[in-house]
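User: Could you take a close look at one part of this model for me, and walk me through its surroundings in a connected way?

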Amino acid sequence: MKATETPPAVAATDPAPVSKSPAPAGKEKKSSEGKTLNVFSHGVLIIWAILVVLPLLWAIMSSFKTDDSILSTPWKLPDTLHFENWSRAWSQAHMSDYFFNTIVVVGCSLVGTLLLGSMAAYVLARFEFPGNRFIYYLFIGGMSFPIILALVPLFFVMNNMGMLNTRHGLILVYIAYSLPFTVFFLTSFFRTLPGSVAEAAMIDGASHTRTFFQVMLPMAKPGLISVGIFNFLGQWNQYMLPTVLNTDPKYRVLSQGLVELASSQGYKGDWSGLFAGLVMAMLPVLAAYIIFQRQVVAGLTAGAVK
């Protein structure tokens with residue numbers, strides 16, 4: 001009986017090592033340049049944040065200190081919080097009156113600007129008619145017109161119309177001042193919105209007015225919030241227009257009141273009250289941006305990408 005021969009075992013051979021080719025020199029160079037640029041940009045942003053945040057924190061800290069501690073130890077934290085500085089600025093420095101006037105003027109002008117600007121932008125973006133581009137470029141030209149050149153004729157126009165030193169006159173001027181940028185921004189935004197939705201509403205029997213207010217305007221909410229924040233900042237901090245057109249102390253706004261409060265420091269030395277009034281004027285702007293910061297970014301990106 002023949003014994004069956006088993007085949008010789010095949011020796012297991014290790015696979016040949018795969019040699020890793022070195023990364024291209026150009027790729028390594030681009031990676032190192034990107035890291036360097038990233039570190040540099042972050043460093044610039046950190047420096048910029050420090051330059052912006054430190055004066056703000058110092059003003060808030062000084063608003064709770066006494067005048068002596070502000071002058072002697074300006075960078076030291078207050079031992080006790082002096083809330084009487086805020087009450088003194090609110091009542092004795094008439095910040096309450098300035099605050100009320102500013103809220104009325106800016107609130108009404110902001111609503112009027114957004115309403116008129118969105119209506120004009122919607123028509124320019126969605127309808128073709130003779131003179132469409134000409135009107136659009138007129139609004140753009142209004143953005144480049146220096147407001148200081150219009151102060152003297154604007155003064156006489158407001159005086160002849162009997163709207164000098166009035167709240168409603170200042171509201172109309174604020175609306176006219178903010179309309180060019182509002183129309184420019186919202187026209188580009190309305191062009192990015194789908195036109196099929198408006199067409200479906202028209203087929204269902206909706207009028208142009210109903211289509212705009214109930215369909216297109218809610219869709220444009222991110223753009224309205226973005227341009228509303230920009231207009232709010234510009235109108236809240238406006239100083240030149242109310243100084244020329246609003247000389248009555250009874251109707252002064254916050255920017256005029258702060259200048260009046262600062263100019264009186266040479267005689268009273270109420271630095272703590274000045275810082276308290278300054279922080280009062282800054283708080284609404286900071287609160288508005290903190291609350292709507294996501295909507296602002298969403299509106300800017302939605303208007304930029306179609």
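**Close look**

Analyst: Happy to! S188 counts as partly exposed because its relative accessibility is 27%, and that class lies between buried (under 20% relative accessible area) and exposed (over 50%), using a 1.4 Å probe and protein chains only. Please keep in mind that this is a predicted model, in which local features need pLDDT of at least 70 and side-chain atom pairs count only at pLDDT 80 or more, while totals for chains, interfaces and linings use all residues. Residues are numbered from 1 along each chain as its sequence is written, and side-chain values use heavy atoms, leaving out hydrogens and water.

S188 sits in helix α7, which covers residues 167-192; helices are DSSP runs of H or I with at least four residues, numbered from the N terminus. A polar atom of the S188 side chain lies 3.5 Å from the backbone oxygen of F184.

Setting aside residues up to four places away in sequence, F190 touches S118, A121, Y122, A125, R126, F212, M216 and A220, where contact means heavy atoms within 4.5 Å.

Key. Helices (H or I, at least four residues) and strands (E, at least two) are DSSP runs, numbered from the N terminus. A polar contact is a pair of N or O atoms within 3.5 Å; within protein, one must be able to donate a hydrogen and the other to accept it, and residues adjacent in sequence count only if both atoms are side-chain atoms.
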